[in-house]
Amino acid sequence: MSTFSGIGVGDSSAWGKTFVLGPKPKAPLEAKSTISSEAEQKRLVKAIAEVSEYLADTASQADEMTAEILSALSALVQDPALIEEATVHLNDGWTAETSVVRAMNSFTELLAGDDLFGERVADLQDLALQVVARLTGQDWSVSIPKVGPIVVVAEDLSPAETAQFTDAVVAVITQGGGPTSHTAIICRQRSIPALVAVAGALENIPNHTGIVVDAFKGEAYLSAEVTDLVGAGKSRTRTGKPIAEVKGNVGSVADAKVLAETEASGVGLMRTELLFLSRSTAPTLEEQTELYAGVLNEAPSGEVIFRTLDAGSDKPLPYLGIGREENPSLGVRGYRINSVDAGILDTQLKALAQAQAQTGREVSVMAPMISTVAEASDFAELARGHGIKTVGVMVETPSICMVLDQLAGIVDFVSIGTNDLSQYLFAADRQNSGVAALLNPWQPALLKTIELICQQANLAGIKVGVCGEAAADPLLAVVMAGLGVQSVSMAAPAVTKVMDYLCSISTQQAEQVAQAALRGMNPAQAKELALAALPN
Amino acid sequence: MPVVAKVGLHARPVALLAKLATELAAEGITVRIGRTVEALVDAKSSLRMLTLKIASGEEVLVELGTTDAARAESIFTQVAEALAAD
């Protein structure tokens with residue numbers, strides 16, 4: 001039985017027959033035309049029109065979000081500038097194929113390497129290849145079968161492809177991509193398991209063959225019968241109380257309502273960004289108070305932790321006056337905004353204090369992107385000055401991990417943001433799918449760092465929580481609890497499953513699972529060892 | 001005028017601007033956009049606007065090929081709306 005491993009998306013498993021999408025068409029060898037440039041231009045105009053029409057057609061059958069992406073692509077390929085640029089090459093005697101690729105390259109070269117615009121490059125190159133496919137008569141338009149169960153296997157999937165997913169698609173395997181790639185996001189939305197960054201998938205997975213995709217274990221088993229699905233994943237029987245508190249992550253009043261339907265005890269992370277995005281001025285004190293009070297009114301009982309504005313980086317806000325940065329993720333973001341605009345944080349803390357007074361429910365507050373003891377202590381002083389009793393900081397930078405003991409008496413708790421901690425620990429950009437494997441939350445170095453954080457915080461009498469989505473992986477939640485994490489927080493849909501795990505095990509057993517994971521030399525081995533150490 | 005859209009002059013604002021510029025071209029009004037007078041690009045082209053890589057919060061110049069001040073005023077309003085689209 002052949003086994004493939006990758007990064008699992010979701011925690012479910014599924015069985016289906018593979019549907020392998022061949023590699024995408026490659027750019028053709030550069031060639032001079034044997035016909036007139038006018039004739040070549042005619043071919044090009046026709047091919048571009050066909051691609052544009054195909055994208056518009058697909059858009060009309062897709063859901064709203066996908067339709068918007070596809071319509072934008074349809075408009076882009078029709079851009080008159082593309083033909084203009086291509087005509088220069090056509091007039092030099094090149095074929096339509098060569099000219100369109102060269103023309104698109106002249107645009108993508110300008111975009112490559114830019115944090116915000118670089119991600120467009122693949123889309124644009126894909127468009128040029130679609131035009132080439134039309135020119136060379138390749139049937140590039142993929143049509144995914146509507147009868148399943150089907151497991152789609154591909155290099156990576158474009159919006160035009162995921163738009164065709166019906167309920168027949170029960171799982172996805174991609175050779176490229178990462179946990180935050182388009183494919184992963186779509187699969188999470190559809191609640192189907194996916195395995196991304198699977199090396200050699202296209203070469204080694206045959207078409208129309210049965211396969212089990214176990215996103216929980218991050219593995220797929222080839223030639224499996226549907227019966228092999230039994231035993232994939234592990235179900236747990238609860239025997240007592242959870243060994244770590246299980247809280248939820250929210251971003252709005254609606255989220256808080258949904259969370260209140262689960263067993264979550266309070267909110268481990270209330271993201272305050274939502275109110276700040278998509279507007280040209282900062283939200284007022286009244287607007288903020290209303291939102292925070294709304295969340296306090298709806299949230300499940302327990303502590304409610306608000307995180308102050310985590311903007312900058314991937315979430316730039318025009319009114320902050322930060323301007324353009326070469327490396328936004330290493331720039332003025334999170335708490336650092338306070339050094340360029342102190343009014344934002346002050347208003348947030350005021351609004352939180354007012355919401356606390358209005359609802360009679362206590363708030364906890366924490367700041368993101370803290371890298372020194374001085375920042376933590378300045379923040380704590382500000383928050384306490386506004387009458388907020390419980391104050392903490394996020395642990396996302398390696399620098400703060402080194403001085404956690406000095407936070408004794410300054411903060412009440414720390415909360416580990418696993419995504420950003422990974423990004424800064426491994427020097428691996430969260431936006432760059434080329435380094436996605438480094439950001440696997442099972443990386444032994446990340447687990448070691450969490451252990452260190454727990455030890456240091458414990459000595460300093462500071463509580464430790466994890467609010468990164470990594471805690472939504474129930475086995476990883478057990479490992480974290482075993483490392484000394486006292487509370488984990490994740491999106492509402494994962495709460496029950498994580499509770500199942502944390503209620504079925506003793507602290508001592510979790511410690512053994514954690515120690516087993518720490519012996520792993522790589523993410524796959526760490527997970528395997530943890531799974532083996534998990535008592536039934 | 002400032003680019004308010006949170007990701008800068010990206011997919012949505014660019015698409016809206018290109019659509020607007022194409023409609024205006026039919027009236028004989030050209031629209032060009034950029035950081036400096038020397039480096040303006042045709043707003044009919046999404047690709048050319050994308051390659052400017054204008055981030056959120058940056059100021060851009062918008063040049064209209066019309067002498068009708070009232071018409072220009074109303075077009076500027078539409079351009080500002082497009083620059084605020086997310």
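What percentage of the 536 residues in chain A is buried? Buried residues make up 50% of chain A, where buried means 20 or more other C-beta atoms within 10 Å of the residue's own, exposed means 12 or fewer, and partly exposed lies in between, with C-beta atoms placed from the backbone.

The model is predicted: local features need pLDDT of at least 70, side-chain atom pairs count only at pLDDT 80 or more, and totals for chains, interfaces and linings use all residues. Residues are numbered from 1 along each chain as its sequence is written, and chains are lettered from A and ligands numbered from 1 in the order in which they are written.

**Both chains**

Colour by secondary structure. Chain A has 19 helices and 16 strands, taken as DSSP runs numbered from the N terminus (helices: H or I, at least four residues; strands: E, at least two). Chain B has three helices and three strands, in the sequence order α-β-β-α-β-α. Of the 86 residues of chain B, 40% are buried. Of the contacts in chain A with a separation of 6 or more, 66% are between residues 24 or more positions apart; a contact requires C-beta atoms, placed from the backbone, within 7 Å.

**Chain A, residues 80-91**

Select helix H3 of chain A. Its 12 residues should span 16 Å at 1.5 Å a residue, and its end C-alpha atoms are 17 Å apart, which agrees; the expected span is 1.5 Å times one less than the number of residues. Now pick out Ala81(A), Leu82(A), Glu85(A), Ala86(A), His89(A) and Leu90(A), the buried residues of H3(A). An α-helix has 3.6 residues a turn, so residues three or four places apart point the same way. The buried residues of H3(A) pack against helix H1 (37-61) and helix H4 (96-111) of chain A, together with helix H2 (46-50) of chain B. After H3(A) comes Gly93(A), with a positive phi near 95 degrees.

**H1(A) and H4(A)**

Keep these two partners in view. Their axes are 9 Å apart, at an angle of about 60 degrees. Axes are lines fitted to C-alpha atoms, for helices over the stretch in contact, and angles run from 0 to 180 degrees between N-to-C directions. Show Glu40(A), Arg43(A) and Leu44(A) in H1(A), which meet Ala96(A), Ser99(A) and Val100(A) in H4(A).

Move to helix H16 (residues 474-483) and helix H17 (residues 495-502) of chain A, which pack at about 50 degrees with axes 9 Å apart. That angle makes H16(A) oblique to H17(A); under 35 degrees counts as roughly parallel, over 145 as roughly antiparallel, 65 to 115 as roughly perpendicular and the rest as oblique. On the H16(A) side, the residues in contact include Leu475(A) and Val478(A), and on the H17(A) side Val498(A) and Tyr501(A) are among them.

**Chain B, residues 11-26 and 69-83**

Switch to helices H1 and H3 of chain B, whose axes are 8 Å apart at an angle of about 155 degrees. H1(B) and H3(B) are therefore roughly antiparallel. Pro13(B), Leu16(B), Leu17(B), Leu20(B) and Leu24(B) in H1(B) meet Ile75(B), Gln78(B), Val79(B), Ala82(B) and Leu83(B) in H3(B).

**Last stop: Gln189(A)**

Return to chain A and select Gln189(A) in helix H7 (residues 182-190). Gln189(A) counts as exposed because it has 11 C-beta neighbours inside 10 Å.

Key
Contact = placed C-beta atoms within 7 Å.
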